[in-house]
Amino acid sequence: RNTLCNRLLKILKNYQGVKMHSTMLWFDLEKTIIEEWEKPFTINEDKIREIIEKIDVRSISIFSFAVYNEKDIATFNRIIKPNIEKTFNVTIENIPTYQDILNTIKNGYKGTHFDEEDFHAFWTKGRAFIDYIRFSTFNKGSHILFDDMVDNWDIEHRSLDISIRNIDKYK
């Protein structure tokens with residue numbers, strides 16, 4: 001009952017133009033916003049423009065396992081980022097590397113020991129996103145991830161709302 005009341009309050013406050021928290025919009029890269037790392041041309045352009053317009057954001061973030069380390073960040077910033085920002089008229093604010101994601105989650109589960117192989121074997125993309133947001137500095141507000149390899153989920157955790165949406169099923 002309390003959850004229903006909280007959701008209704010959020011809807012009413014948003015309807016009145018008062019947002020409780022801003023929404024951060026996250027996208028996977030490969031097969032979601034670009035074809036693939038080696039062929040970084042944008043895809044799903046109409047869907048992504050509609051999403052950006054509906055959520056009413058001017059910046060987005062990237063959550064992709066394709067960006068493994070700082071070397072990949074440099075490549076992304078040089079080749080892929082300018083095209084995405086120009087195509088969708090947004091700025092890209094955050095792009096944690098796979099290593100950043102892994103370390104944030106490892107630090108969040110203090111006392112639990114797992115390595116990169118365990119992480120790859122047991123964390124789905126959706127679970128990794130949820131845990132990354134929970135344990136990072138982004139642990140408040142609303143976050144929406146669009147990805148081609150996830151099921152649709154809605155999670156409420158304290159002062160945090162997380163939605164995960166499959167870009168291929170978005171209409």
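Because the model is predicted, local features need pLDDT of at least 70 and side-chain atom pairs count only at pLDDT 80 or more, while totals for chains, interfaces and linings use all residues. Residues are numbered from 1 along each chain as its sequence is written, and side-chain values use heavy atoms, with hydrogens and water left out.

The protein contains 6 helices and 8 strands (DSSP runs numbered from the N terminus, H or I of at least four residues for helices and E of at least two for strands). Read from the N terminus, their order is α-β-β-β-α-β-α-β-α-α-α-β-β-β. Of the 171 residues, 43% count as buried; buried means under 20% relative accessible area, exposed over 50%, and partly exposed in between, with a 1.4 Å probe and protein chains only. The accessible surface comes to about 10100 Å², and 50% of it belongs to carbon and sulfur atoms (Shrake-Rupley method, 1.4 Å probe, with only the protein chains shown counting as cover for residues). Among contacts (heavy atoms within 4.5 Å) between residues at least 6 apart in sequence, 63% join residues at least 24 apart.

Helix α2 spans residues 45-55, and Ile48, Ile51 and Ile52 are buried in it. These residues cover an arc of only 95° around the axis, which puts them on the same side of α2; the arc is that of the directions from the helix axis to the C-beta atoms. An α-helix has 3.6 residues a turn, so residues three or four places apart point the same way. The buried residues of α2 pack against β1 (23-27), β4, α3 (70-88) and β6 (141-147). The face turned away from this buried side carries the exposed residues Asp46, Glu53 and Lys54.

Asn44, in the loop between β3 (39-42) and α2, has a positive phi of about 55° although it is not a glycine. Asn44 is partly exposed, at 21% relative accessibility. Just after α2, Asp56 takes a positive phi of about 60°; this residue is found in the loop between α2 and β4 and is partly exposed at 46%.

Thr32 lies in the loop between β1 and β2 (34-36) and has a relative accessible area of 0%. Residues up to four places away in sequence aside, Thr32 touches Phe27, Ile43, Asn44, Ile48, Phe146, Asp147, Asp148 and Ile167. Ser61, in strand β4 (residues 59-62), is buried with a relative accessible area of 2%.

In helix α4 (residues 98-108), the buried residues are Tyr98, Ile101, Leu102, Thr104 and Ile105. They fall within an arc of 165° seen down the axis, so they line one face of the helix. These residues pack against α5 (116-122) and α6 (125-135).

Finally, the second largest pocket has a volume of about 180 Å³. Its lining consists of Asp28, Glu30, Lys31, Ser64, Phe65, Ala66, Lys125, Asp147, Asp148 and Met149. A pocket is an open set of points on a 1 Å grid over the protein atoms alone where a 1.4 Å probe fits, with protein on both sides within 12 Å along at least five of seven lines, and lining residues have an atom within 4 Å of a point.

Methods. Points joined across faces, edges and corners; volume = space filled by probe spheres on them.
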